[in-house]
Each structure stands twice: as C-alpha cells, then as structure tokens.
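Reader: I'm new to this one and would like to learn how to read it. Could you show me the model and walk me through a few features?

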Amino acid sequence: MCGRFTLHDTSWELADGTACAKLAGLREERRYNIAPGQWVIVVRPEKNERMPSLAQWGLIPTWAKDPKAGPRPINARAEGIETKPTFRGAFRHGRCLIPASGFYEWQTVEGRKQPFYIRPRGGEGIFVFAGLLSVWAGPEGELPTCTIVTTTPNDLMAPLHDRMPVILAPQDQAAWLDPENRRAAALLRPLDAERMEAYAVGPAVGNAKHEGPELIASLGGILRHSS
C-alpha cells in the first residue's frame, strides 16, 4: 500500500516530471509527511493540456449518498480496477497523476515496525503515481477526492511490503491520462527496481502531526537493487 508520501521538490521540478507547465511557479510548500485526508496535488487532462488541481486523499465515489458514511480508500488495487464499483467510474473518467518526491513503507523487524523512505535512485527526479480522481457533488458544493493505485512489489520493495504504488514512467503518463485508452490497466505494473532506492528512517513519521526534512534523514545504508 502507500499510506504516507512526501512532496518537497520545487514547482519547476514537479512541472517537468509531470509535463504540466502550469505547475511551474506556483506557491511551493515542502511537505514531508502527507497523510490520508489531507489535500494533495493532482494533474488531470483538460482538452489538450495537463491541469493541476487539489484533491483530498481518500476517494469518495460519485454515487455515494453520504461521504461520511462509507470508507474512503487511499489506495486502489490495480487488479480488477476496471470493474470494482468503487473505482470503475474514476478509472473511466478520472485518471490522474499524483506527483511525489518519495513515499514511506513500514517493515516489521523483530516485532516492531521500522519505517523506510523510498525515493528515486540517487534522489534525482520525482515519482509520478497513477491516481484516480472523483468529484463528489453535495448540497455544499463539489468535493474532489483521489486515491493512489497500487500493484505487486518489485524486487526492492518485496522485502518491505507486498504492495507498492504504481509509478508511471514518463512515456506512460499520456496513455494513462487518455480517457479514450481502453488498455490503460496494462500500465499498472511495478516500476523497475533499479530506478528506486530505500533507507531506514526514524519513527517520528508515524505521527501525522510531525513534519519537516528530518523525517527523511537516513539511519544507515541505502538499499538498491542491481540486475
């Protein structure tokens, strides 16, 4: 799964990584502990452009009668996503990109959970998650919400968790965003392990109230996978 992530790159780096020129120059807020229920940046297609907007992390289907009554999934399993009632509408009409500098995962070590931070190899560039966007319309107006699609782990992630976010390669972003693409589910595969790295961090990230660059400080060596 993916339950916490970071976004601390510059707006120009986000614009470059998502091919969304309108992100460049926007107010920058460096975030190191993005948690469910918080507002996140999403990039969606609009006519012939990619447009940035905000959505709450935790999807509400458009057909939900009461947004507070049911679950708000922060992750959507790739397997069968086209037909699951909660996600099929957003899969058809709300595919989006969710930029991230990195994300956290917890591994159980000797009875305790050790957090790891996973980022692009060498700390260069950003991750772009495959996301789903849903806009719930209620009496008080519209509420945009989103979820991150997950898939099976690659060789780097497998020792840490049995799921990982779908991280789209640059050449796959347009196909994911294209609402006419009927084979978008084929893009929901793990990123090559060689393009990622992981390292242990302190337990403070487990509290969503904690924020700051110290959360991604390494406690030791970096895990990398070589083919």
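Author: Helices (H or I, at least four residues) and strands (E, at least two) are DSSP runs, numbered from the N terminus. Keep in mind that this is a predicted model, where local features need pLDDT of at least 70, side-chain atom pairs count only at pLDDT 80 or more, and totals for chains, interfaces and linings use all residues. Residues are numbered from 1 along each chain as its sequence is written, and side-chain values use heavy atoms, with hydrogens and water left out.

Reader: Is Glu-110 buried or exposed?

Author: The general idea first: buried means under 20% relative accessible area, exposed means over 50%, and partly exposed is in between (1.4 Å probe, protein chains only). Glu-110 has a relative accessible area of 81%, so it counts as exposed. As for where it sits, Glu-110 and Gly-202 are 16 Å apart in space, C-alpha to C-alpha, and 92 residues apart in sequence.

Reader: Now strands. How do I read strand pairing, and which strands pair with strand 10 in the antiparallel sense?

Author: Two strands pair if DSSP finds at least two bridges between them. In the antiparallel sense, strand 10 pairs with strand 9 over 8 bridges, and 2 bridges join strand 10 to strand 11 (residues 164-165). Look for Ser-134 opposite Thr-145 in strand 10, and for Thr-150 opposite Pro-165 in strand 11. A hairpin of 2 residues joins strand 9 to strand 10.

Reader: And which strands run parallel to strand 10?

Author: Strand 4 does, over 2 bridges, and strand 5 (residues 75-77) does, over 3 bridges. Trp-57 stands opposite Cys-146 in strand 10, while Arg-77 has Thr-150 of strand 10 as its bridge partner.

Reader: What about Tyr-117 and Tyr-199: what kind of pair do they form?

Author: Their ring centres are 5.8 Å apart and the planes are at 65°, so that pair is edge-to-face. Tyr-117 is in strand 8 (residues 112-120) and Tyr-199 in strand 12 (residues 196-200), so the pair links parts that are 82 residues apart in sequence. Tyr-117 and Tyr-199 are buried. There's also an aromatic cluster, made up of Phe-5, Trp-57, Phe-103, Phe-127 and Phe-129.

Reader: Which rings does Arg-95 lie over?

Author: A charge sits over a ring if NZ of Lys or CZ of Arg is within 6 Å of the ring centre and within 35 degrees of the ring normal. The charged end of Arg-95 sits over the ring of Phe-91, 5.0 Å from its centre. Arg-95 also lies over the face of Trp-176, at 5.4 Å from the ring centre.

Reader: Last topic: pockets. What is the volume of the largest pocket?

Author: Rolling a probe the size of a water molecule over the atoms shows where empty space is left. On a 1 Å grid over the protein atoms alone, a pocket is an open set of points where a 1.4 Å probe fits, with protein on both sides within 12 Å along at least five of seven lines; lining residues have an atom within 4 Å of a point. Grid points are joined across faces, edges and corners, and a volume is the space filled by probe spheres set on the points. Here the largest pocket has a volume of about 370 Å³. It is lined by 16 residues, with Leu-7, Arg-27, Glu-29, Ile-41 and Leu-54 closest to its centre.

Technical notes: Phe/Tyr/Trp six-rings, centres within 6.5 Å; stacked < 30°, edge-to-face > 60°.
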